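Subject: Structure handover and notes

Dear colleague,

I am passing on the structure we spoke about, and below it you will find my notes. Please read them alongside the coordinates.

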Amino acid sequence: MVFIFLVKISAHTLGKAISQPGKVTKELIEKFLLYISGIFPYIYTAFFLFQFLGITFLGIGLWAWNEKGVLSNISSITDLGGFDPVWLFLVVGGVMFILGFAGCIGALRENTFLLKFFSVFLGIIFFLELTAGVLAFVFKDWIKDQLYFFINNNIRAYRDDIDLQNLIDFTQEYWQCCGAFGADDWNLNIYFNCTDSNASRERCGVPFSCCTKDPAEDVINTQCGYDARQKPEVDQQIVIYTKGCVPQFEKWLQDNLTIVAGIFIGIALLQIFGICLAQNLVSDIEAVRASW
């Protein structure tokens, strides 16, 4: 059904070409027919799926903001001191929707402007990713410092946003770490610092995600980190993770370098393939129109 629909959409362009046989060669018409019947439905389907994923991510992001009351009070977006993970869904979803819309409508309506926009936009993203990768490799120490600053800034805002809290807990549990470079980084949080003026029950403690896991426990003990940093360092290592998330992330990256590199190369190849596919479609459309 998709194939029949797309062939009907392309009939207008092809009809003009056939109505002027003196300007269009038989080979060009056959080439265009073959292209439409063989590849075009797959291109359209890929663009449509890309657009659908973008809408899904945007929907999840807006739903999360609605649940937190952000949509009813837009000014609260700037109130959070740390990073709101919802931005990931909104930005990624927005970019995917724009690319999917341009590619989908451009392919469906044989609109060369939208197809060129798709190619250029995707090319800019590819260039930015490549630049970020090179800079990250060259300026490793600077990246490490920025990561340290980013994590500590979010530690301060740990209790301010439930999504940020869940993200930090997941990170610490997955990499079995605590804080940016150690458990004492939680002194930056007003609920966990060890100052005498802190009346919180969590004083001198850490979140439960810093605690070492007991396989025998079926229920998570959310109070396992209470007073953990008041113990000697030797005893701390028994109940909580004492390694920071930055060195643990570096270790994980080194251990999984092949997999990470493969994922990035795969994404890059998909982007290059998308650019070439869109440009190839533009060339074929322009070739037929130029021969009218």
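The notes that follow cover the overall fold, the record annotations, a surface patch and the aromatic pairs.

This is a predicted model, in which local features need pLDDT of at least 70 and side-chain atom pairs count only at pLDDT 80 or more, while totals for chains, interfaces and linings use all residues. Residues are numbered from 1 along each chain as its sequence is written, and side-chain values use heavy atoms, with hydrogens and water left out.

The chain has 11 helices and 0 strands, taken as DSSP runs numbered from the N terminus (H or I of at least four residues for helices, E of at least two for strands). Of its 292 residues, 36% are buried, where buried means under 20% relative accessible area, exposed over 50% and partly exposed in between, with a 1.4 Å probe and protein chains only.

In the model, residues 86-108 are 100% helix, with the end C-alpha atoms 32 Å apart, and residues 114-139 are 96% helix, with the end C-alpha atoms 37 Å apart.

A nonpolar surface patch of about 830 Å² is made by L130, V134, L135, F137, V138, F139, W142 and I143. Patch residues have over 30% relative accessible area and no salt bridge, and nonpolar side chains (Val, Leu, Ile, Met, Phe, Trp, Tyr) are joined within 5 Å, like charges within 9 Å; a salt bridge is a side-chain nitrogen of Lys or Arg within 4 Å of a carboxyl oxygen of Asp or Glu. Helix α6 (112-138) and helix α7 (140-156) each supply at least two of the patch residues, and α6 gives the most, with 5. V138, which lies in α6, counts as exposed at 53% relative accessibility.

There are 13 aromatic pairs, meaning rings of Phe, Tyr and Trp (its six-membered ring) with centres within 6.5 Å, called stacked under 30 degrees between planes, edge-to-face over 60 and tilted otherwise. One of them is Y148 with F181, which is tilted because the planes stand at 50 degrees, with the centres 4.9 Å apart. Y148 lies in α7 and F181 in the loop between α8 (162-174) and α9 (233-239), so this pair ties together parts 33 residues apart in sequence. W175 and W252 form an edge-to-face pair, at 5.8 Å and 70 degrees.

Best regards

Note on methods: Areas by Shrake-Rupley, 256 points an atom, 1.4 Å probe, with all protein chains shown as cover.
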